[in-house]
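I opened the notebook to record what I looked up, one topic at a time.

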Amino acid sequence: MSKHAGILALALCACGDPGQLGRSVVAPSDVTTHVALTSVPVRGAEVTVVRNDSRKLTGELLAATDDTMTILVDGTIVRLLVDDVQRATVTRYENSALIAGLAVWSAIGAVAGISHGLLAIVGEPIWSGIATGALIPVMADEARFASTDRRWDFKFLHEYARFPQGLPPQYAARARQSGSATQ
Amino acid sequence: MRRGVAALLLLALLSSCSRTIYEAHFAPPAQLAKISEAAARAPFIKCHMPDGRVFVLQQWSIEEGTGLVEGFGIEYDADRNAKSGLRRQSLKLADVALIETNRPYNVDVGTGPVIALAIGTGVSVILSVICLATTQASSGGCFPHATRALAP
């Protein structure tokens, strides 16, 4: 009993909402009113940019305009011309902890299946099927991303930026000082 | 008692397998009418200032007549450090660069898989108990070879 309660507790931790970012228009499926003011995200979403030379860059989206996007990468401000970008992907929410939790649960279940003795011959394939069926939809959940590879659609990014109103002067100055502008 | 604890754990697990995302609409103060419908159902608004500060407000109101935005909320600087605790805030609409409405939604990301694994785990536990019981009853059960080997 305590073993299975432990498995549930482990999965519970994995499912915990880390307060991820992500702002977009979604179907009105389940409006929640139990969100604390301090949980409302005030930083930009994580964006992964694939440049024309196939190099990838991941950081916090600070600002996006029709022709540039500005990203904070490890404390350095990087400004990219939209023409230099092949693809931009925003992470709306994370589920890697959930995937890890389900994978651990599946593995423990498979090991525990040994206690079924001869019945494990039937039970293990069934458990494998259940575990695979549980993991695949979570791993294949593309809804956690918002992406586009069409440059004229990059303006959608501004709603995920820390500064949707545009880069404030001190950040624009930092971008110039770091010499990383328009890399 | 144990069943109750397990049920509570499972309930907590299921309810925690969701992610909160935000429906957001944007408008500069001069074009508030663009977001009036979205604003009517948004519990939070953010007032983005030209210098990068942002005020996150709840129980908010915008009085176009007096040109004031009021509500309870927190002021963050451009680096997103909280400059104030939760308190009543009053801003001049003319000082705001952009207004953003935020309406939180829960998105289910793992309830189905968790239910499937929970059912599978439940069946597995029952099988384990049956195997243990039948093996202890010396009838062979799930481990006939082991039982034979242990037999005197």
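**Helix contact between chains**

I found α2(A) and α3(B) roughly parallel to each other, because their crossing angle of roughly 15° falls under 35 degrees. I note that this is a predicted model.

I looked up the extents next. I logged the crossing as left-handed.

Which residues make the contact? From α2(A) I listed Leu102(A), Trp105(A), Gly109(A) and Ala112(A). From α3(B) I listed Pro113(B), Leu117(B), Gly120(B), Thr121(B) and Ser124(B). I sorted the contact residues of α2(A) and α3(B) by class: five are nonpolar, four are polar and none is charged.

**Sheet in chain B**

I turned to the strands. Chain B has an open sheet of six strands. I read the order as β1-β6-β2-β3-β4-β5, with antiparallel pairing. The edges are β1 (18-27) and β5 (87-92) of chain B. Each has a single partner strand, so one side of each is left without a neighbour in the sheet. On average, neighbouring strands of this sheet are turned by 40° against each other, direction ignored.

I then checked one pair. Strand β2 (residues 44-48) and strand β3 (residues 54-63) of chain B run antiparallel and are joined by five bridges. I picked out Ile45(B): its bridge partner in β3(B) is Leu57(B).

**Domains of chain B**

Domain 1 of chain B is 19-107, and domain 2 is 110-150. How far apart are the centres of the two domains? Over C-alpha atoms, 57 Å separate the centres of domain 1 and domain 2 of chain B.

How values were computed:
Residues are numbered from 1 along each chain as its sequence is written. Chains are lettered from A and ligands numbered from 1 in the order in which they are written. This is a predicted model: local features need pLDDT of at least 70, side-chain atom pairs count only at pLDDT 80 or more; totals for chains, interfaces and linings use all residues. Domain bounds come from an automatic or database domain assignment. Two strands pair if DSSP finds at least two bridges between them. Helices (H or I, at least four residues) and strands (E, at least two) are DSSP runs, numbered from the N terminus. Axes are lines fitted to C-alpha atoms, for helices over the stretch in contact, and angles run from 0 to 180 degrees between N-to-C directions. Angles under 35 degrees count as roughly parallel, over 145 as roughly antiparallel, 65 to 115 as roughly perpendicular and the rest as oblique. A crossing is left-handed if the near helix is turned anticlockwise from the far one by less than a right angle, and right-handed if clockwise. Two residues are in contact if their C-beta atoms, placed from the backbone, lie within 7 Å. Ala, Val, Leu, Ile, Met, Phe, Trp, Tyr, Cys and Pro count as nonpolar, Asp, Glu, Lys and Arg as charged, and the others, Gly among them, as polar.
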